[in-house]
Amino acid sequence: MTIRSLALLTALVSILFFAYGCGARKKSMFKEQLKGDWQVVQLADLPLQVTPGHMTFSFDFEKGMAGGMGFCNSYGTNFTVSDQGDCSFEAVYSTRVGCDGNREEAQLGINIEKTKKLVVKDGKLLFYDNSEAKGKPIIIMMHTVAKTKQ
């Protein structure tokens, strides 16, 4: 093998390695954006009777589970999500404490189960009931802002 052939082979391997490395980082960026705690601020066109942000949501990628706290009940579900935001959520389970926010909690569970696509845009997590992310989102969430101790 000549020095020129060896240099060409080295350059080709370097380009492939670099291209693969950049692609792997790009793919994981979407899931990185989903990490952290989220607050529900809107459920489709349903006016929230509870204070927006009272209902929380987070993803546990290691366990394949997601969930949070409604107005007075905790809830969860198993999920899958691709690097492009295509997703599926299994049946949502929850505790059954009666309170003023039960209607919103029930609708949140229904909308989570309908979700087919997640989109992060302008700091918001948007849940869509179609894989093309067309129309209005059925859930809108915002990252929870950590409170600092004073």
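From the N terminus on, the elements of the chain follow the order α-β-β-β-β-β-β-α-β-β-β. This amounts to two helices and nine strands, where helices (H or I, at least four residues) and strands (E, at least two) are DSSP runs numbered from the N terminus. The model is predicted, so that local features need pLDDT of at least 70 and side-chain atom pairs count only at pLDDT 80 or more, while totals for chains, interfaces and linings use all residues. Residues are numbered from 1 along each chain as its sequence is written, and side-chain values use heavy atoms, with hydrogens and water left out.

The accessible surface of the chain comes to about 9,800 Å², and carbon and sulfur atoms hold 58% of this area; accessible areas were computed by the Shrake-Rupley method with a 1.4 Å probe, and for residues only the protein chains shown count as cover. Of the 150 residues in the chain, 30% are buried. Buried means under 20% relative accessible area, exposed means over 50%, and partly exposed lies in between (1.4 Å probe, protein chains only). Among the contacts in the chain with a separation of 6 or more, 46% are between residues 24 or more positions apart, a contact being heavy atoms within 4.5 Å.

One disulfide was found, under the rule that a disulfide is a pair of cysteine sulfur atoms within 2.5 Å. The disulfide joins Cys 72 and Cys 99, with 1.8 Å between their sulfur atoms. Distant parts of the chain are linked in this way: Cys 72 is in the loop between E3 and E4, and Cys 99, 27 residues apart from it, is in the loop between strand E6 (93-94) and helix H2 (102-114). The link of Cys 72 and Cys 99 is left-handed, with -80 degrees about the S-S bond. Cys 72 counts as buried because its relative accessibility is 19%, whereas Cys 99, at 24%, is partly exposed. Another cysteine, Cys 87, has a relative accessible area of 9% and is therefore buried.

Asn 73 is placed in the loop between strand E3 (65-69) and strand E4 (74-81). Its relative accessibility is 3%, so Asn 73 counts as buried. Leaving aside residues up to four places away in sequence, Asn 73 touches Gly 68, Thr 95, Arg 96, Val 97, Asn 102 and Glu 105. For one of these residues, Val 97, the backbone nitrogen is reached by the side chain of Asn 73 at 2.5 Å.

Notes
Polar contact = N/O pair within 3.5 Å; in protein donor to acceptor, adjacent residues only side chain to side chain.
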